[in-house]
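The sequence and structure are shown first.

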Amino acid sequence: MTYKDFWHPLTQVYDIGEAKAIARLVMDIRFGLTMTDLLCGKTADEAEATMLLQRLLTGEPVQYVLGEAEFGGRTLYVEPGVLIPRPETYELCQWCISLAPTIRKGHILDIGTGSGCIACTLAKEMPQAEVTAWDISDEALRIAQKNAKRTNVHVSFE
């Protein structure tokens with residue numbers, strides 16, 4: 001499938017700029033195709049691209065379709081059982097990290113951890129702290145644990 005064949009149907013759901021941005025993201029992450037590749041006429045696997053396009057046309061967020069979201073320079077695993085990490089949430093993490101020099105040994109509790117984006121970020125950036133993450137959803141805890149492994153941090157999940 002060509003880049004245009006992918007982005008053009010997305011204009012039913014998104015404006016042209018967003019449709020093109022989503023198409024570029026999918027082509028890059030899922031198929032390893034750069035914008036240069038796309039402009040040179042390289043194409044994505046037709047069957048897989050069609051399946052991804054159908055999911056996007058239902059309005060499913062591209063992060064769920066790709067199974068990942070960017071958060072503070074890290075790529076986290078996401079799926080519909082958790083919220084997609086937001087840039088504003090990373091600002092909260094940065095504020096907490098800015099307090100780190102004043103903390104000798106502390107405990108951090110992330111309640112309603114979801115994807116674990118806060119817990120994993122703070123555990124990575126504040127290694128002196130003991131980080132615990134709670135959630136009532138077993139699915140969210142599974143996803144958060146996956147992200148702890150992915151980011152190579154220790155977080156206690158409950």
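## Cysteines

The sulfur of C120 lies 8.2 Å from the closest cysteine sulfur, that of C117, which is too far for a bond. C120 is also buried, its relative accessible area being 1%; buried denotes under 20% relative accessible area, exposed over 50%, and partly exposed the range in between, for a 1.4 Å probe and protein chains only. A disulfide is defined as a pair of cysteine sulfur atoms within 2.5 Å, and the structure holds zero disulfides. C96 is likewise in no disulfide, the nearest cysteine sulfur, that of C93, being 6.4 Å away.

The model is predicted, so that local features need pLDDT of at least 70 and side-chain atom pairs count only at pLDDT 80 or more, while totals for chains, interfaces and linings use all residues. Residues are numbered from 1 along each chain as its sequence is written, and side-chain values use heavy atoms, with hydrogens and water left out.

## Salt bridges

Side chains of opposite charge can pair when their charged atoms come close. With a salt bridge taken as a side-chain nitrogen of Lys or Arg within 4 Å of a carboxyl oxygen of Asp or Glu, the structure holds six salt bridges. The table gives three of them, including the pair R55 and E60.

| R55 | E60 | 2.7 Å |

Helices (H or I, at least four residues) and strands (E, at least two) are DSSP runs, numbered from the N terminus.

In the pair of R55 and E60, R55 counts as partly exposed at 27% relative accessibility, while E60 is buried at 18%.

## Pockets

Rolling a probe the size of a water molecule over the atoms shows where empty space is left. On a 1 Å grid over the protein atoms alone, a cavity is a set of points where a 1.4 Å probe fits but cannot get out, and a pocket is an open set with protein on both sides within 12 Å along at least five of seven lines; lining residues have an atom within 4 Å of a point. Grid points are joined across faces, edges and corners, and a volume is the space filled by probe spheres set on the points.

The largest pocket holds about 270 Å³ of space. Its lining comprises 16 residues, of which Q63, E68, A69, E70 and I84 lie nearest its centre. Two or more lining residues come from each of α2 (16–31), α5 (62–66), β1 (68–71) and α6 (87–98), and β1 gives the most, with four residues. By class, this lining has 10 nonpolar, three polar and three charged residues; Ala, Val, Leu, Ile, Met, Phe, Trp, Tyr, Cys and Pro count as nonpolar, Asp, Glu, Lys and Arg as charged, and the others, Gly among them, as polar.

The second largest pocket has a volume of about 210 Å³. It is lined by 16 residues, with L83, G112, T113, G114 and S115 nearest its centre. Seven nonpolar, six polar and three charged residues make up this lining.

## Individual residues

V62 is placed in helix α5 and is buried, with a relative accessible area of 9%. Leaving aside neighbours within four places in sequence, V62 is in contact (heavy atoms within 4.5 Å) with I22, L25, V26 and L56. Although V62 and I22 are 40 residues apart in sequence, their C-alpha atoms are 6.9 Å apart in space.

L141 is found in helix α8 (residues 138–151) and counts as buried at 12% relative accessibility. Not counting residues up to four places away in sequence, L141 touches T113, A133, W134, D135, F157 and E158. The C-alpha atoms of L141 and T50, 91 residues apart along the chain, are separated by 31 Å.

N152 is located in the loop between α8 and β5 (156–157). This residue is not a glycine, yet N152 has a positive phi of about 60°. At 64% relative accessibility, N152 counts as exposed.
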